[in-house]
Amino acid sequence: MYSRSVALWLSALAIAPVWATSNSTEAKPQSTIKQGFFIDSPVTGLYYKTSSHLSGYTQKGAFQYRPGDVVSFFLGNDDKGYLLTTLSSQEVLTPTMATTKPSRSINMTRLLLSLDSTPENRQEIVLANKVLSDPQFQAQLKRLDLNLLDNAKESLNLDLVSVKEAVEHLNESQQYIEENFSSNEVIFRPKDVTFRNIIIRKKDWQGRACAFDVRHQNHPRYRPPIGEVSFTITDKTLIQHPSIGDYFKGCFLSMDNQILEDIVEPIEKFYEWEGLAGCAQRGCTRNDLNGFSLDDYNDEGDWKYRSVALNFDPTTQLLMEKVQGLGPNKHIRHSNRSEMLWFTYPDTNKNDIDYQGIWQQTQYHQQSMTQTCLLMEQKRVFTLPHASERCPSDTSLYTQDVTTDYLDMWWVNNTEPKADLAQMNVMVRWSPNPAKINYTTWEYLPAGKNWEQGILYRYQQNVSRNRDGSDSIETHTISEFVKVNEDV
């Protein structure tokens, strides 16, 4: 039998062009230029820049891109503004596609709504350019951890919309997409493909942060906040393969529910389902693999009140689902603050991340910003011995060993010089010395065909326990890492 969490990630939601215009400052005749849309309601005034050097401002959500492009969106006048997200281009993009963190997706919508210069009309978000052009406001944005937006309310001096309003708005935006976008184009064929399904517990029901303790990662009885299921869809069956499973007790994986042998079920059982299993026989459209919903219903005595987002990137072939509890209501008396993240992707070596090489780190402190060039190698991290305005591609120049400063980069200790996607999307508890405990939350959304064109975020944090049992998280330093393929 399938566990309820397996059923959840196999389920999908419906989503389905509106016409708008987009401006571009640069266009080379390399390939066909297409029009995409950033929809959180259609957003006007986001600056965008693609990897093929198209750039401009969104108009009613519209932007231009070339097939295979990676696109970045900024709050501000140009690409020196606040980087909102970087992701693979496709026809419809939304805040739920723009990040791997459930709370960050909702807070992105909260921030955009709070910056809307026409709040009386939520059918379109028109960004307040005067505010975004203010250097002091930009400086505050650069120090913003969008996962913890409420912590920045005073420094941003914004009247932030509530989580409830943002979730309702995302739900309305989903309806807008369904009404204005339709496509029968098959974007993915999952039949006869073996998939990895990675499950990451971000918070438990009380709102306690779930962290992977790298000090205990090699202990045989350590239970991480990460689960995994492997499965294959064939013409006649859906087969779950042996794996560690996806049952959790609080923050930690339950080792009592591992899958020890193949579990085979007839594919007919899933014909009425939407999602990978439901669309495998005919091929999956964008509508099958993208959506957002606000759940508020009785599930056989277990009331659900949560946001559910599911998105698929045809370039990376990554299916991502995020679930966030929305707190108590008249049916739920407990805290209801759990957060979960699912990644599903073809089980091939190309879907591991080649971390080895040179990365440019931009670090945002409370009152300053610094840039550093790092060389990540297996077991070691190096930097240049002297400050440099450029990151040279000559690896022999990186001679200063700074591994102890980056013990939270636990993937460098892997047997193979590759990082697993889960390793770059989990909170890590680590210790540079026995007397000090540090916390880092990593976030990496793959972009580009080889998964290497995304932005790696490092949030260094303090964690303390509140009286109600939840955790209070304060981010003191934010770093962005971009992999460098040439001198920059």
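**Exercise 1. Which strand gives the largest share of the lining of the largest cavity, and how many residues does that share hold?**

Solution. Before starting, note that this is a predicted model, in which local features need pLDDT of at least 70 and side-chain atom pairs count only at pLDDT 80 or more, while totals for chains, interfaces and linings use all residues. Residues are numbered from 1 along each chain as its sequence is written, and side-chain values use heavy atoms, with hydrogens and water left out.

Step 1. Grid points are joined across faces, edges and corners, and the volume is the space filled by probe spheres set on the points. Helices (H or I, at least four residues) and strands (E, at least two) are DSSP runs, numbered from the N terminus.

Step 2. The largest cavity has a volume of about 120 Å³. Its lining has 13 residues, and the closest to the centre are Met97, Phe312, Asp313, Met320 and Leu445.

Step 3. The elements that give two or more residues to this lining are strand E7 (82-88), strand E20 (302-313) and strand E21 (318-325). The largest share, three residues, comes from E20.

**Exercise 2. In which sense, parallel or antiparallel, does strand E27 pair with E12, and in which sense does it run with E28?**

Solution. Step 1. Two strands pair if DSSP finds at least two bridges between them.

Step 1. Strand E12 (residues 211-213) and strand E27 (residues 427-433) are joined by three bridges in the parallel sense, and within this pairing Asp213 has Arg429 of E27 as its bridge partner.

Step 2. On E27 and strand E28 (residues 436-444) there are five bridges, and these strands run antiparallel. Asn433 has Lys436 of E28 as its bridge partner, and the two strands form a hairpin with two residues between them.

**Exercise 3. Find the disulfides, and state for each the handedness and the burial of its cysteines.**

Solution. Step 1. A disulfide is a covalent bond between the sulfur atoms of two cysteines, and here the criterion is a pair of cysteine sulfur atoms within 2.5 Å. A search of the whole structure finds three. Buried means under 20% relative accessible area, exposed over 50%, and partly exposed in between (1.4 Å probe, protein chains only).

Step 1. Cys210 and Cys251 are joined with an S to S distance of 2.0 Å, and the link is left-handed, with -75 degrees about the S-S bond. Both Cys210 and Cys251 are buried.

Step 2. Cys279 and Cys284 are joined with an S to S distance of 1.8 Å, and this link is right-handed, with 80 degrees about the S-S bond. Cys279 counts as buried because its relative accessibility is 0%, and Cys284 likewise counts as buried at 0%.

Step 3. The sulfur atoms of Cys373 and Cys391 are 2.1 Å apart, and the torsion about their S-S bond is about -90 degrees, so this disulfide is left-handed. Cys373 lies in strand E24 and Cys391 in the loop between E25 and strand E26 (400-401), so the pair ties together parts 18 residues apart in sequence. Cys373 is buried, with a relative accessible area of 6%, and Cys391 is buried at 0%.

Definitions and conventions: 1 Å grid on protein atoms, 1.4 Å probe; cavity = no way out; pocket = protein on both sides within 12 Å on 5 of 7 lines; lining within 4 Å.
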